[in-house]
Structure formats: structure tokens, C-alpha cells
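Here is a short briefing on a model with more than one part. Look at the structure first, then read the points below.

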Amino acid sequence: MSGLLGPFVAVLRRDLMLAWRGRADVLVTLAFFVIVVCLFPFGVGAEINQLRAIAPGVLWVAALLSTLLSLHRLFAQDHADGTLEQLLLSPEPTALWVVAKVAAHWIVTGLPLVLAAPGLALLFDVEQDALGVLVLSLALGSPILALLGAVGAALTLGLRGGGVLLALLVLPLFVPVLIFGAGAVDSHLAGTGATAHLLLLGGGLLGAVALAPFACAAALRIAME
Amino acid sequence: MLEANDLACLKGDRLLFRGLDLRVVPGEMVRVAGPNGVGKTSLLRILCGLALQEYGEVRWHGVDTRRDRESFHRALFYLGHAPALNDLLTPLENLRFACRAGGDAVSEAACIDALGRIGLAAQRDLPARVLSQGQRRRVGLARLFLAAQRPLWVLDEPFTALDVRAVADLAATLSAHCEAGGCVVLTTHQDAPFERPPAVLDLAGVAC
């Protein structure tokens, strides 16, 4: 088992170390999230009931967009410097280190959003007891975004205008996550309980963890040919 | 033993070569020759399994490499054009990562030793972005010292950007690997000082 975990741990450690050395890139994603969320009150006005009503949707759309902002970086550097070739020649299963890369990417770009969301929700005067549901929905939903996005990033690797194509490719796939993520907070506030939405998100996450790495591995092999 | 039978390579909609046969027996070194654009790199990538041939098959010890990818890649060391170095990491970190991600459990001391042998002892802890082209190349080549248990070495232009002494050292390392029963397939435009001149596969003969 340690043989299998070797490449997984190596890729995870390296990507986290790279993220730490290039922290400015990481902060840009978080800053983008904060700014997009802060723009909405300026745009729609300070009517408190209106802000409360749009808060879950705004936070979720902003999280989705900032995920998109960093996705193209997932494989681009490794593709350019030849590391991806070497990883594909590793005797260990490709899906294994793909999971490590996506996990590192989520820790660096997704987790800060999850942690920053409750503070930003207060700007919209979201009820205190809905904050837990918001964090939980983002914690379950943002890894799905990262996994689906990784497949898109692998498919558009090395293409001209890949960034725009990536957005067109993955944004429609993000829609169900957005519906159930924002819906979880809404239904909690409406008093019907968020359990159903959160269970669906959890199921989606398990499905994405099981399937996306293999799709991503296949897409990377195609991209190298 | 590496065998390729009746290989054809299509790049875009242009056929680069067809009907290519290759046999590399243990202890043999094969130099793939031919002018620029004839498909040397494409051939090496097909042999490694990074690219897909249009026709034909590649066999390692008689088994199609696509059917048993895992054990073939356990036996293979490939060094491409790009040195697989991340600029933010030091040579030591890059080398350690390359080995571990490749499934080789190597110790820190072995990596330090390999960098010392390739002549990068002083640059071990500098970020890779400050290294010169030749030094970057050497970091990739340092893996050769840690890949002795991998019998098949496929090297794409390994001598590029190296100084005269490093070229001689590398030629000696490759000859020693062959003498120990390994196989080497390489491309180069330089006349490297090999003790025994390698067998030459001229792609011009099968080019389309």
C-alpha cells in the first residue's frame, strides 16, 4: 500500500509546497471571491430583505467563478515544463496522482473560500444559524467543482484559447451543484430543512470522486498525444 | 528486449515514417538518426507510450506495451526535450519528486549523492530558475544515477547544452549501463565519444 501512496503523497506535498512558494497566485483567487461578493450590495442597493434573499446565490456564484479562475493553472505549468510527461510514465495508476493534484488544488483554492464565506455572509445579514449550512454546502460542493473542473482543464490542455473554452465546457456542468448548494441555504431559511440538498451534494461528491479522476486521466493521455 | 514492428507515425495529416522495425537487445545502444523533422522525437514518444502510433506495435519482452503498461513503465526511464523542472523548487526537491512520483523509493542521501556526481553539489539548494540551460539538463540527467534498476533508457537529445566534460561523462555512464545489460535508445546530432559506437537507425530510410 505504501507503494501506491508514494506518488500520491509526493504529488500532494509538492503541489502544496508550490502553492506556498507562489502564494500571491492563491491570494488572487480569494481576493476575487471577496470582491465579487462585495460588489453585489453596491449593485442591488442596501435593501436588507433583498440582500438576505440573494445572499446564498451570490456566494455560490462567486465561489463558482473564482474556482473557474484558477482551474487553468491546475495542469498548465506541469504540461509546459514536461513534468506531466514524467507523471504519465509513472508505473502507478494515473487516477491516483490526479486525485492528489485535485486535492492539493482544492486545499489551496477551495478551502479558503469555504472559510471566508461565513464572514462575507454577514455582509448580507444572513441569519447566524444558516451559516453552518452555508459552510457545509460549500465544503461538499466546492470539491465537486474542482473535480469536474479538472476534467475540463485536462481536456482543454494545450489548446489555443483554452481558458475560455474551459469556462464554456465546465460552467454548464456546475449548474446542478449551484442549484443544490444555494438551495440548501434557501430551504434552511425557509424552514423546510437542508438535509435533502446536503445529501444530494454528498452523493454528487462521492460520484465525482469515483468517476472524475479516471475521466481526467484519460483526457490527460489524449492531451499528450 | 524492446521490439517495434512495422511502426507508422502520423503527425497531423502527414505521414512521417512507415514500416519501421526496431530491435534493441540487452546490452545494446541504438542511436536514432536523421535530419530535423523526420520523426525522431515522435518515434521515442511512441516507444515510451506517450504517443499513439498509426500502425504497428511496440513490445517489451514480447508483450505489447499497451497491454501491460505498468510493468513496462516500471522498466523505462525517459528523458524528453523538457527537463521536467519546476522553477520554484530546488534541484534536490525536483529530483526527489521525480523519483518518488515515478514510483522509486529513493532516500534523500541518494538524491544528494546523484546531484554531486552530476556536478551540481553547489547548486543543490538554489531555486531551479537561476540555473543555466546546461545545469537544468544535468538535473534531469541526475536521475540516471538513480534509475540503474530500470533496464530501458530512452533519451531524447541528452547531450544538448552540456559542456565537453559532461558529454564525456554521460557517454561513459550510458556505455556502463549497456555493459551491465541495459538498453539505451537515444537521439543526438553530436558525435559523442562512446567507447563502442552505437548501432544507428536512420529514419531517412523509412521516411515518407
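Chain B holds an open sheet of five strands, in the order β6-β7-β8-β3-β9, with parallel pairing. Strands here are DSSP E runs of at least two residues, helices are H or I runs of at least four, and both are numbered from the N terminus. Two strands pair if DSSP finds at least two bridges between them.

This is a predicted model: local features need pLDDT of at least 70, side-chain atom pairs count only at pLDDT 80 or more, and totals for chains, interfaces and linings use all residues. Residues are numbered from 1 along each chain as its sequence is written, while chains are lettered from A and ligands numbered from 1 in the order in which they are written.

**The sheet of chain B**
- The edge strands are β6 and β9 (199-202) of chain B, and each pairs on one side only.
- Neighbouring strands of this sheet are turned by 15° against each other on average, direction ignored. Axes are lines fitted to C-alpha atoms, for helices over the stretch in contact, and angles run from 0 to 180 degrees between N-to-C directions.
- Strand β3 (residues 29-33) of chain B pairs with β9(B) in the parallel sense, over four bridges.
- A33(B) has D202(B) as its bridge partner in β9(B).

**Helices across the sheet**
- Helix α1 (residues 40-48) of chain B lies across β3, β6, β7 (152-156) and β8 (183-187) of chain B, at about 150° to β7(B).
- Helix α6 (residues 164-179) of chain B lies across β3, β7 and β8 of chain B, at about 145° to β8(B).

**Where the chains meet**
- In chain B, 23 residues are in contact with 23 residues of chain A. Contact means that C-beta atoms, placed from the backbone, lie within 7 Å.
- α2 (69-75), β6 (76-79) and α3 (91-101) of chain B each give two or more residues to the side that touches chain A.
- α3(B) gives the most, with four residues.

**A helix in chain A**
- L74(A), F75(A) and D78(A) are buried in helix α4 (residues 73-81) of chain A. Buried means that 20 or more other C-beta atoms, placed from the backbone, lie within 10 Å of the residue's own; exposed means 12 or fewer, and partly exposed is in between.
- The buried residues of α4(A) pack against α3 (48-71), α5 (83-88), α6 (94-123) and α7 (131-155) of chain A.
- G82(A) follows α4(A), and its phi is positive, near 90°.

Methods. Contact = placed C-beta atoms within 7 Å.
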